[in-house]
Amino acid sequence: MTPLPAATATAGSGRAQPESLTDLFVSFTLLALQGFGGVLAVVQRELVERKRWMTREEFIEEWAVAQIMPGPNVVNLALMIGGRYFGLRGALVALAGMLTAPLVVVIVLALLYAHFADNPHLAAALRGMGAVAAGLITATGLKLLGALKQHPLGVPACIAFGVATFIGVAVLRLPLAWVLAALGGLSCWLTWHKLGAA
Amino acid sequence: MTHAIVMTGADWVSLLLHYLMLSLLAIGGAITTAPDMHRFLVDERHWLTDPQFSASVAIAQAAPGPNVLFVALMGWNVGLNAGGLSLAALGVVLALVGILLPSTTLTYLAAQWGHRNRDLRGVRAFKQGMAPIVVALLVATGWVLATGASYNAHDWPLWLVAAVTAVVVWRTRIHLLWLLGAGAVLGWFGLV
């Protein structure tokens with residue numbers, strides 16, 4: 001497979017990209033090791049805000065694909081980002097970076113767990129970290145809201161879709177696949193018409 | 001705690017095949033297939049005990065890294081039950097390859113195709129059309145994680161921690177690990 005050109009959006013504005021496969025591997029290893037209770041918040045913070053490998057808009061687009069495809073979402077995202085810069089090799093290296101060190105950590109923790117499973121402080125500390133992790137994911141969503149300002153459907157329609165999605169998933173607790181199919185399908189269909197009219 | 005089992009070659013193959021199948025069904029993340037894994041590993045084959053299953057999920061969620069590693073821990077525990085560390089390593093490899101190979105192959109091919117055809121109206125409509133949905137989904141996912149399976153008013157300090165975290169991360173550039181550390185400390189001392 002040939003590597004894909006990295007700069008698809010407008011260049012300039014301090015756009016960066018991974019220097020090498022090693023840089024890619026190390027970056028994803030560090031990301032993954034910071035991601036307690038989920039890696040997505042760290043991916044957004046590091047790759048969009050700090051390293052600037054991608055814009056907010058590109059991040060949302062990649063995340064949409066990672067979300068809709070089967071398999072673990074952040075693993076899909078790593079694969080796609082790696083593939084974007086270095087083709088198949090990049091995809092495999094990003095995947096290895098995302099999984100190798102955390103796999104070792106999780107196995108060590110499983111071996112330790114048997115000894116400390118009964119400690120109530122530890123269980124409580126994990127609960128506290130879980131609450132923070134939940135807040136991190138919400139914050140990631142809040143930070144990406146601004147990227148919807150240029151959306152072809154316009155801000156009011158985006159708000160309507162966002163509120164409907166939130167109600168479906170968080171309040172009614174509908175299966176994710178239904179929400180993605182129904183609301184996502186409608187939104188894509190409307191966007192398709194809007195893009196044709198423009 | 002120990003739960004000795006015998007795993008034949010055919011058993012390992014069926015473990016691999018089951019995960020290969022689940023990989024393609026795991027839309028919305030591997031965790032969505034956890035109920036089926038429980039049915040297969042615990043109820044049907046008795047390769048794992050119920051506490052081993054729950055611990056695999058809980059440890060992977062608490063540990064750094066992608067949550068899909070709970071699948072690796074299940075393979076690890078099946079191997080341990082079957083007789084030792086080398087079988088545990090085999091279990092990790094089979095479970096991870098199974099859950100990842102089909103989905104990552106499909107995602108890679110789809111992403112390549114989408115990137116080559118990024119100017120097609122249909123591709124742009126899909127990516128942009130999904131944007132408001134996936135952004136709201138993140139907010140909703142945090143909400144669901146913070147409130148748990150049922151709204152228990154007793155947990156209000158946890159909701160407060162989640163809400164404060166969300167606002168702080170949204171509005172400041174503080175390092176995420178400080179916040180996780182603060183959450184752990186608050187929990188350890190019984191404050192949340």
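## Helix α6 of chain A

The exposed residues A:Pro156, A:Val163 and A:Val171 sit on the face of α6(A) that is turned away from its buried side. The model described here is predicted. On the buried side of α6(A) are A:Cys158, A:Phe161, A:Gly162, A:Thr165, A:Gly168 and A:Val169.

What do the buried residues of α6(A) pack against? Their partners are α7 of chain A together with α6 (121–147) of chain B. The packing of this helix therefore involves elements of both chains, where residues count as being in contact if their C-beta atoms, placed from the backbone, lie within 7 Å.

In length, α6(A) has 17 residues, and the distance from its first C-alpha to its last is 23 Å. That is close to the 24 Å expected at 1.5 Å a residue. After α6(A) comes A:Arg173, which has a positive phi, near 55°.

## Contact between the chains

The contact between the two chains takes 89 residues from chain A and 81 residues from chain B. On the chain A side, the elements giving two or more residues are α1 (21–34), α2 (40–50), α3 (56–68), α4 (73–116), α5 (120–144), α6 (155–171) and α7 (176–197). Which of these elements supplies the largest share? It is α5(A), with 21 residues.

By residue type, the side of chain A that touches chain B divides into 61 nonpolar, 23 polar and 5 charged residues.

## Chain B: fold and extent

Chain B has 8 helices and 0 strands. Read from the N terminus, the order of its elements is α-α-α-α-α-α-α-α. The C-alpha trace of chain B spans about 55 × 55 × 30 Å along its principal axes.

Chain B has 192 residues, and 48% of them count as buried. Among the contacts in chain B with a separation of 6 or more, 48% are between residues 24 or more positions apart.

## Chain B: domains

How is chain B divided by the domain assignment? The assignment gives domain 1 (9–112) and domain 2 (120–188). Taken over C-alpha atoms, the centres of domain 1 of chain B and domain 2 of chain B are separated by 26 Å. The helix of chain B against which the buried residues of α6(A) pack is α6 (121–147).

Note on methods:
Residues numbered from 1 in each chain as written. Chains lettered and ligands numbered in written order. Predicted model: local features only at pLDDT ≥ 70, side-chain atom pairs only at ≥ 80, totals over all residues. Helix = DSSP H or I, 4+ residues; strand = E, 2+ residues; numbered from the N terminus. Nonpolar A, V, L, I, M, F, W, Y, C, P; charged D, E, K, R; others polar. Buried ≥ 20, exposed ≤ 12 C-beta atoms within 10 Å, placed from the backbone. Expected span 1.5 Å × (residues − 1). Domains from an automatic or database assignment.
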